[in-house]
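Let's take a walk through this one, starting with how its parts meet and ending with a few side-chain pairs. Have the structure open as you read.

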Amino acid sequence: MQTESPESLGAFVARGLELGSLREDVMHALRTDPELRALAPEVRPRVFELFAPEGLEPAFAALTAGLAHHGLTQKRPFELLDVRDARGRIVARAERSVFRALGLATVVVRLLALAPDGRLLLQQRSLSKSIGPGLWDNLAAGLVSSGETPAEAMLRELHEEAGLDPEFSRLHSPAHLSWQVLHDVPEGRMQESTAGFILRLSPCDAPVNLDGEAAGFAVFNTEEVLSMIEEGRIMPEAARLILEHLLHAD
């Protein structure tokens, strides 16, 4: 994904590669905190270029710790994600909590689940979720962790969120279910590629939530789903996956 840094944002650069974009509050912390400023000794207008003489991963770890001290990272369990350049090449690993603050690219997987009769099986998000509590969502979705392929991440999320362990060959990822987004979020900037998958469930597939992030599951026909999308009862990302599928359905 090509990273663009609008005039209101600063560029985050490492080893000559523009990897992300920085909001004013993040750039301010990077420029005024002595320990963070030492990570970019060469000052350039609206650019923070990470100095990494001992490697990118130790530098990212120090950067994450410093931004966390200023409350600029997300409060999440420790998880490593791959840091990718504009061509999608992996250049390092960093904690998930810092990706939005630095505007780094992530890859997310989403599953469109079809019941045996062709209806859509959706998950209702837990009321404890910070984003979209109680809204309906795809059966499973999540970020690709470091070292995972999108298909491996999809199978992991499907197990965690729906208790299902289908064979790899049952997953399908058509090209029209992949897209990229770039927009501001409360934590910073989201630069995200989506890989959508389709799974046709068998009669013996019964979803059971294992990670506490789902309030329940239900099947809906096309007319019901379209009405729910119009009423704003389905997460926007899930709605896009559904609409792309319906648009290209035979």
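Buried area is the accessible area, taken with a 1.4 Å probe, that two parts lose on being put together, summed over both. Before using it, a word on what you're looking at: this is a predicted model, where local features need pLDDT of at least 70, side-chain atom pairs count only at pLDDT 80 or more, and totals for chains, interfaces and linings use all residues. Residues are numbered from 1 along each chain as its sequence is written, and side-chain values use heavy atoms, with hydrogens and water left out.

The protein chain splits into domain 1 (10-103) and domain 2 (106-247), with bounds that come from an automatic or database domain assignment. Their C-alpha centres sit 29 Å apart. Domain 1 brings 16 residues to the contact and domain 2 brings 15, where contact means heavy atoms within 4.5 Å.

How much area is buried between domain 1 and domain 2? About 1,300 Å², with carbon and sulfur atoms giving 46% of that. On the domain 1 side, Arg23, Leu81 and Arg100 lose the most area to domain 2, and together they make up 44% of what that side buries.

Arg100 turns up again in a salt bridge with Glu192, at 3.2 Å from N to O. The term stands for a side-chain nitrogen of Lys or Arg within 4 Å of a carboxyl oxygen of Asp or Glu, and between the two domains the count is 1.

Which elements give two or more residues to the side of domain 1 that touches domain 2? They are β2 (17-22), β4 (80-84) and α4 (99-102), and β4 gives the most, with 4 residues. Here helices (H or I, at least four residues) and strands (E, at least two) are DSSP runs, numbered from the N terminus.

Now for the structure as a whole.

Rings of Phe, Tyr and Trp (its six-membered ring) pair if their centres lie within 6.5 Å, and planes under 30 degrees apart count as stacked, over 60 as edge-to-face and the rest as tilted. Phe12 and Phe48 are a stacked example, 6.3 Å centre to centre with 10 degrees between the planes. Phe12 lies in strand β1 (residues 10-14) and Phe48 in strand β3 (residues 47-50), 36 residues apart.
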